[in-house]
Amino acid sequence: MHIVIAIFLMALSVTALSIPWVRRLAIRTGFVDAPASRKMHSTPMPLMGGVAIFGGAVLAVITFFPDFPNTVAGTLLSLAVVTLVGLLDDRFGLPAWVKLAGQFVGFLILAFFDIRVKLPLPEVVNYAITFVWLAGISNAINFLDNMDGLSAGVSGVAAAFITLLGLQNDQFLVSGLAAAVLGACLGFLRFNFKPAQIFMGDAGALFLGFLLALLGLQLRFPANSNFVTWMVPIFILGLPIFDTTLVVVSRIRRGVSPNTPGKDHLSHRLVQRGFSQREAVLMLYLLTGAGGMIAVFITQATILEGYLIFATLLLLGGVAIWQLDQPV
């Protein structure tokens with residue numbers, strides 16, 4: 001427990017203290033995000049916050065887990081690959097398939113270290129589920145990075161619940177990694193909450209998404225059946241999953257490519273309905289927290305309770321997508 005707290009505090013401190021230096025470096029080297037009609041900012045914004053997030057989280061983990069097992073080494077190596085690809089995209093604007101290829105390489109590294117879904121299914125299916133989950137959540141968190149403080153705050157809330165559940169089940173490596181994410185997100189939010197002074201870029205968003213997805217896969221609940229607890233990471237990360245589903249469904253319905261940038265995310269739709277940007281972001285924090293609390297309940301739920309909740313929220317999500325996609 002003390003190590004987890006120390007990791008959290010170090011990740012927060014390192015990230016927060018390094019942001020001003022990283023920000024100046026980004027401005028000096030022209031590593032900035034230029035304004036555009038589809039974007040919310042009106043002036044060039046430094047775009048290397050992901051470097052500080054990655055550095056703060058990884059340094060904290062290495063410091064307090066110096067003798068970590070090979071699985072953690074594999075995790076850090078895969079995260080380095082995914083983050084580097086994101087950083088290159090921030091700088092040069094890589095095609096979508098290149099970013100996906102980077103995530104696939106990260107997945108292959110994890111598979112080499114035997115980190116994957118291990119359901120009673122054919123191995124090829126387990127590998128496929130692992131990659132789809134990792135890539136899906138990575139890109140969902142990246143999609144969510146569309147308003148000041150949103151992606152970092154939602155990632156921080158999700159990481160807080162993973163930390164709690166990891167501690168409850170004596171998974172100290174999982175909780176330590178999640179605490180590093182939480183600390184790095186809070187340290188970054190000091191400079192990213194509206195009005196933002198720096199953006200995390202794809203480097204930060206892909207790092208957070210890939211690691212949160214991986215931690216969700218690693219959660220274990222021996223006191224309950226896997227037949228119900230598989231839902232836990234889905235509820236914890238339900239907000240980015242819902243946002244991505246909303247955007248993809250809406251764009252396909254309108255005959256637009258899902259990869260096309262636009263102001264049609266959940267956060268944008270809340271602003272269009274009269275909420276300020278800060279209010280919209282805070283509402284999405286609360287929704288993420290609500291999903292996390294449902295996830296905590298699911299760890300103790302019966303199979304019937306779990307599937308009734310899952311079916312109910314699936315129905316409500318479908319209704320919400322239909323309502324939100326109506327003209328304002």
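A residue is called buried when its relative accessible area is under 20%, exposed when it is over 50%, and partly exposed in between, with a 1.4 Å probe and protein chains only. The model is predicted, so local features need pLDDT of at least 70 and side-chain atom pairs count only at pLDDT 80 or more, while totals for chains, interfaces and linings use all residues. Residues are numbered from 1 along each chain as its sequence is written, and side-chain values use heavy atoms, with hydrogens and water left out.

**Exercise 1. The whole chain**

Task: Determine what share of the residues of the chain count as buried, and compare the radius of gyration with that of a compact globule.

Solution. 
Step 1. Of the 328 residues, 50% count as buried.
Step 2. The radius of gyration is taken over C-alpha atoms, and the globule rule is 2.2 Å times the number of residues to the power 0.38. For 328 residues a compact globule would have a value near 20 Å; the chain has 19 Å, which agrees.
Step 3. Along the principal axes, the C-alpha atoms fill a box of roughly 50 × 50 × 35 Å.
Step 4. The chain has 14 helices and two strands. These are DSSP runs, numbered from the N terminus: helices are H or I with at least four residues, and strands are E with at least two.
Step 5. A contact means heavy atoms within 4.5 Å. Among contacts between residues at least 6 apart in sequence, 75% join residues at least 24 apart.

**Exercise 2. Helix α2**

Task: Compare the span of α2 with its expected span, and state which helices its buried residues pack against.

Solution. 
Step 1. The expected span of a helix is 1.5 Å times one less than its number of residues.
Step 2. Helix α2 covers residues 49-64, which is 16 residues; from its first C-alpha to its last it reaches 23 Å, close to the 22 Å expected at 1.5 Å a residue.
Step 3. The buried residues of α2 include Gly49, Gly50, Ile53 and Val61.
Step 4. The buried residues of α2 pack against α1 (2-29), α3 (70-92), α7 (172-192) and α8 (201-218).

**Exercise 3. Backbone features in loops**

Task: Locate the loop residues Asp114, Asp170 and Pro195, and describe the backbone at each of them.

Solution. 
Step 1. Asp114 lies in the loop between α4 (96-112) and α5 (123-144). Its phi is near 60°, a positive value in a residue other than glycine. Asp114 is partly exposed, with a relative accessible area of 39%.
Step 2. Asp170 lies in the loop between α6 (150-168) and α7. The phi of Asp170 is near 60°, again positive in a residue other than glycine. Asp170 is exposed, with a relative accessible area of 57%.
Step 3. Pro195 is found in the loop between α7 and α8. A cis peptide bond, with omega about 0°, joins Lys194 and Pro195.
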